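Reader: I should like to go through this structure with you, one piece at a time. Shall we begin once it is on the screen?

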Amino acid sequence: TGKTYNAIERLKQSEKGVYLAPLRILALENFERLNREGVPCNLITGEEEIYTEGASHVSSTIEKLDIDKYYDVAVIDEIQMIGNSQRGQAWTRAVLGIQSPEVHVCGAANSKELLLRIIEDCNDEVEVINYTRDTPLKIINKVFELKHAERGDALVVFSKKRVLEIAKLFRERGRRTSVIYGDLPPEVRRMQYDAFLSGESEILVTTDAIGMGVNLPIKRIIFMDIQKFDGEEVRFLTSQEIKQIAGRAGRK
């Protein structure tokens, strides 16, 4: 929809800014983008810290936010994670504690009501901008089999074991795949992204680790399962999770 793109464009215009991401790969993506576009930026995540000479901007995972520092513009991405039972406190801390007169909060519409209550409790001013997808999502009403997989497909499962099993089946059929799952080392994950981006790999086999912010040339999302273990129980995906993951298809 362009919501994060527009927020980053505003961030680039500021003298001192911070971008806060849910994932290391998203922080890295915007760290590289800002530096490439002439805005010196540091990267701070739980896995690594990279400092750029003359940088006054920071791209960071949300847990690494330094609330003692002041920023002219801040961008908090994937705000719907505020409702997550394991990590939601990091988004709450950022919304309440960040020192910036201009904060862009990006995320799914289902978080709007809670966020407005928090902001109004703080007596802050708020402007709500609603975005809609330029590329509508369509459901394919036919049975899927592995032999039907096409170039640009992303097959989504919910365990590392299933990712590796399906990737092996494709390899045995002579088809190149990229694999993505949560505990894949950052350097390896980047190599897998690049192979899919370049077309060297024709199919992506992934967990919902791609569900937030990742921009890849995916044409179709194939859900190989509709249940996941969320850290507490095995449950069906919510409608919002389905939309979030399905929304990886048709990216600009």
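Reader: Which glycine follows α6, and what is its phi?

Author: The residue is Gly199, which comes after α6 and has a positive phi, near 90°. Please bear in mind that this is a predicted model.

Reader: What comes after α2?

Author: α2 is followed by Gly38, and the phi of Gly38 is positive, near 85°.

Reader: Let us stay with α6. Which of its residues are buried?

Author: In α6 the buried residues are Pro186, Arg189, Gln192, Tyr193, Ala195 and Phe196. The elements covering them include α2, β7, β8 (177–180) and β9 (203–206).

Reader: At what angle do α2 and α6 pack?

Author: The angle is about 70°, and the axes of α2 and α6 are 11 Å apart. α2 is therefore roughly perpendicular to α6. Their crossing is right-handed.

Reader: Which residues meet where α2 and α6 touch?

Author: From α2 there are Arg24, Ile25, Leu28 and Glu32, and they meet Pro186, Arg189, Arg190 and Tyr193 of α6. By class, this contact has four nonpolar and four charged residues, with no polar ones. Of the α6 residues in it, Arg190 takes part in the contact, while Pro186, Arg189 and Tyr193 are also among the buried residues of α6.

Reader: How does the span of α6 compare with what 1.5 Å a residue should give?

Author: The two agree, because the 13 residues of α6 should span 18 Å and its end C-alpha atoms are 18 Å apart. α2 gives agreement as well: 13 residues should span 18 Å, and the end C-alpha atoms of α2 are 18 Å apart.

Reader: Now the other neighbour. How do α1 and α2 cross?

Author: The axes of α1 (residues 3–12) and α2 (residues 24–36) come within 12 Å and cross at roughly 45°. The two helices are therefore oblique to each other. α1 passes α2 in a right-handed crossing.

Reader: And which side chains or residues are involved there?

Author: Tyr5, Ile8, Glu9, Leu11 and Lys12 of α1 meet Asn30, Arg33 and Leu34 of α2. The residues of this contact divide into four nonpolar, one polar and three charged.

Reader: Why would residues three or four places apart point the same way in a helix?

Author: An α-helix has 3.6 residues a turn, so residues at that spacing point the same way.

Reader: Which residues of α2 are buried, and what covers them?

Author: The buried residues of α2 are Arg24, Ile25, Leu26, Ala27, Leu28, Asn30, Phe31, Arg33 and Leu34. Their cover includes the helices α1 and α6 (186–198), together with the strands β1 (17–21), β2 (41–44), β3 (49–50) and β4 (57–61). Asn30, Arg33 and Leu34, which meet α1, are among these buried residues.

Reader: Is Glu78 buried or exposed?

Author: Glu78 has a relative accessible area of 7%. The cut-off for buried is under 20%, so Glu78 is buried.

Reader: What about Asn123?

Author: Asn123 is not a glycine either, and its phi is positive, about 60°. Asn123 is found in the loop between α4 (112–121) and β7 (153–156). With a relative accessible area of 71%, Asn123 is exposed.

Reader: Where is Asn6, and how far is Asn6 from His104?

Author: Asn6 is in helix α1 and, at 38% relative accessibility, counts as partly exposed. Asn6 and His104 are 98 residues apart in sequence, and their C-alpha atoms are 9.5 Å apart in space.

Reader: And how far apart are Gly231 and Ala21?

Author: Their C-alpha atoms are separated by 21 Å, and the two residues lie 210 residues apart along the chain. Gly231 is in the loop between β11 (227–229) and β12 (234–236), and is partly exposed with a relative accessible area of 46%.

Reader: One last item. Which residues of α7 are buried?

Author: In α7 (residues 239–246), the buried residues are Gln240, Gln244, Ile245 and Ala246. What covers them includes β7 and β10 (220–223).

Key
Residues are numbered from 1 along each chain as its sequence is written. This is a predicted model: local features need pLDDT of at least 70, side-chain atom pairs count only at pLDDT 80 or more; totals for chains, interfaces and linings use all residues. Side-chain values use heavy atoms; hydrogens and water are left out. Axes are lines fitted to C-alpha atoms, for helices over the stretch in contact, and angles run from 0 to 180 degrees between N-to-C directions. Helices (H or I, at least four residues) and strands (E, at least two) are DSSP runs, numbered from the N terminus. Angles under 35 degrees count as roughly parallel, over 145 as roughly antiparallel, 65 to 115 as roughly perpendicular and the rest as oblique. A crossing is left-handed if the near helix is turned anticlockwise from the far one by less than a right angle, and right-handed if clockwise. Contact means heavy atoms within 4.5 Å. Ala, Val, Leu, Ile, Met, Phe, Trp, Tyr, Cys and Pro count as nonpolar, Asp, Glu, Lys and Arg as charged, and the others, Gly among them, as polar. The expected span of a helix is 1.5 Å times one less than its number of residues. Buried means under 20% relative accessible area, exposed over 50%, partly exposed in between (1.4 Å probe, protein chains only).
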